[in-house]
Amino acid sequence: SPVISVIERKMESFFDEYFDEAPINRFEPFLAAGAKAYPVLMDALTSEEADGSGRVDALVAMGRLFEEVGPTRDSLDAVVAHAKALSDSGLNPERQAALFAIGRSQEASLIENFMSLLTSGDQLAVYVSCSVVGYAAWEPAVAELKNLVVKNDAMISPIAIWALGEIGSI
């Protein structure tokens with residue numbers, strides 16, 4: 001059908017345009033400064049003028065810095081406070097970016113708190129915990145993630161499989 005052909009071309013065009021090059025993070029130029037970039041990113045995260053996409057970019061940039069240079073106490077506290085403020089917002093991109101940053105921090109006490117939620121029975125808590133341990137590539141989570149996969153829950157199994165892949169256990 002001609003209509004389907006047009007839709008297929010548009011989807012292919014979108015895919016080529018979007019995935020050939022990842023979207024640019026507006027804080028990319030600051031990342032080379034390492035830990036010196038944290039004040040700028042924390043300002044962007046807490047500013048009343050910042051929009052959602054700006055906060056997402058700041059959180060992703062912080063997560064990347066956490067992975068590269070480690071978090072500072074203030075930067076990690078800012079991310080955790082922001083994640084807590086988003087706890088009732090569902091799984092929007094901003095919350096997912098906060099979980100990314102928490103995971104990439106590799107902060108054992110935080111990750112262990114999320115580990116305890118893997119067995120909570122609350123689907124959203126389990127989903128969020130799978131995200132964090134996956135972003136952290138947290139080896140101690142492997143056994144529980146495998147248990148979650150075996151349960152074959154439509155919401156939880158895919159994120160548990162993803163987390164196992166991030167850890168390198170698949």
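These legends go with several close-up views of a predicted model. Because this is a prediction, local features need pLDDT of at least 70 and side-chain atom pairs count only at pLDDT 80 or more, while totals for chains, interfaces and linings use all residues. Residues are numbered from 1 along each chain as its sequence is written, and side-chain values use heavy atoms, with hydrogens and water left out.

View 1. From the N terminus on, the elements read α-α-α-α-α-α-α-α-α-α. Helices (H or I, at least four residues) and strands (E, at least two) are DSSP runs, numbered from the N terminus. Of the 170 residues, 41% count as buried; buried means under 20% relative accessible area, exposed over 50%, and partly exposed in between (1.4 Å probe, protein chains only). Take the contacts (heavy atoms within 4.5 Å) between residues at least 6 apart in sequence: 61% of them join residues at least 24 apart.

**View 2. Helix 3 against helix 4.** Here residues 38-46 (helix 3) and residues 52-69 (helix 4) bring their axes within 9 Å, crossing at roughly 150°. Axes are lines fitted to C-alpha atoms, for helices over the stretch in contact, and angles run from 0 to 180 degrees between N-to-C directions. The two helices are therefore roughly antiparallel; angles under 35 degrees count as roughly parallel, over 145 as roughly antiparallel, 65 to 115 as roughly perpendicular and the rest as oblique. Helix 3 makes a left-handed crossing with helix 4 (left-handed if the near helix is turned anticlockwise from the far one by less than a right angle, right-handed if clockwise). On the helix 3 side you'll find Y38, L41, M42, A44 and L45, which meet R55, A58, L59, A61, M62, L65, F66 and V69 of helix 4. By class that's 12 nonpolar, no polar and 1 charged, where Ala, Val, Leu, Ile, Met, Phe, Trp, Tyr, Cys and Pro count as nonpolar, Asp, Glu, Lys and Arg as charged, and the others, Gly among them, as polar.

**View 3. P39, a residue of helix 3.** P39 is partly exposed, at a relative accessible area of 47%. S75 sits 36 residues away from P39 in sequence, yet the C-alpha to C-alpha gap in space is 7.9 Å.

**View 4. Helix 6 meeting helix 7.** The axes of helix 6 and helix 7 (residues 108-117) come within 8 Å and cross at roughly 120°. That makes the pair oblique, and the crossing is left-handed. L99, I102, G103 and S105 of helix 6 make the contact with L110, I111 and F114 of helix 7. The tally is 5 nonpolar, 2 polar and no charged residues.

**View 5. Helix 6 packed on helix 8.** Helix 8 (residues 123-136) packs on helix 6 at about 45°, with the axes 7 Å apart. These two are therefore oblique as well, but this crossing is right-handed. R95, Q96, L99, F100, I102, G103 and R104 in helix 6 touch L124, V128, S131, V132, Y135 and A136 in helix 8. Sorted by class, the residues are 8 nonpolar, 3 polar and 2 charged.

**View 6. R104, in helix 6 (residues 93-105).** R104 counts as buried, at 18% relative accessibility. A polar atom of the R104 side chain lies 2.6 Å from the backbone oxygen of Y135. Neighbours within four places in sequence aside, R104 is in contact with G63, F66, E67, Y135 and E166.

Conventions. A polar contact is a pair of N or O atoms within 3.5 Å; within protein, one must be able to donate a hydrogen and the other to accept it, and residues adjacent in sequence count only if both atoms are side-chain atoms.
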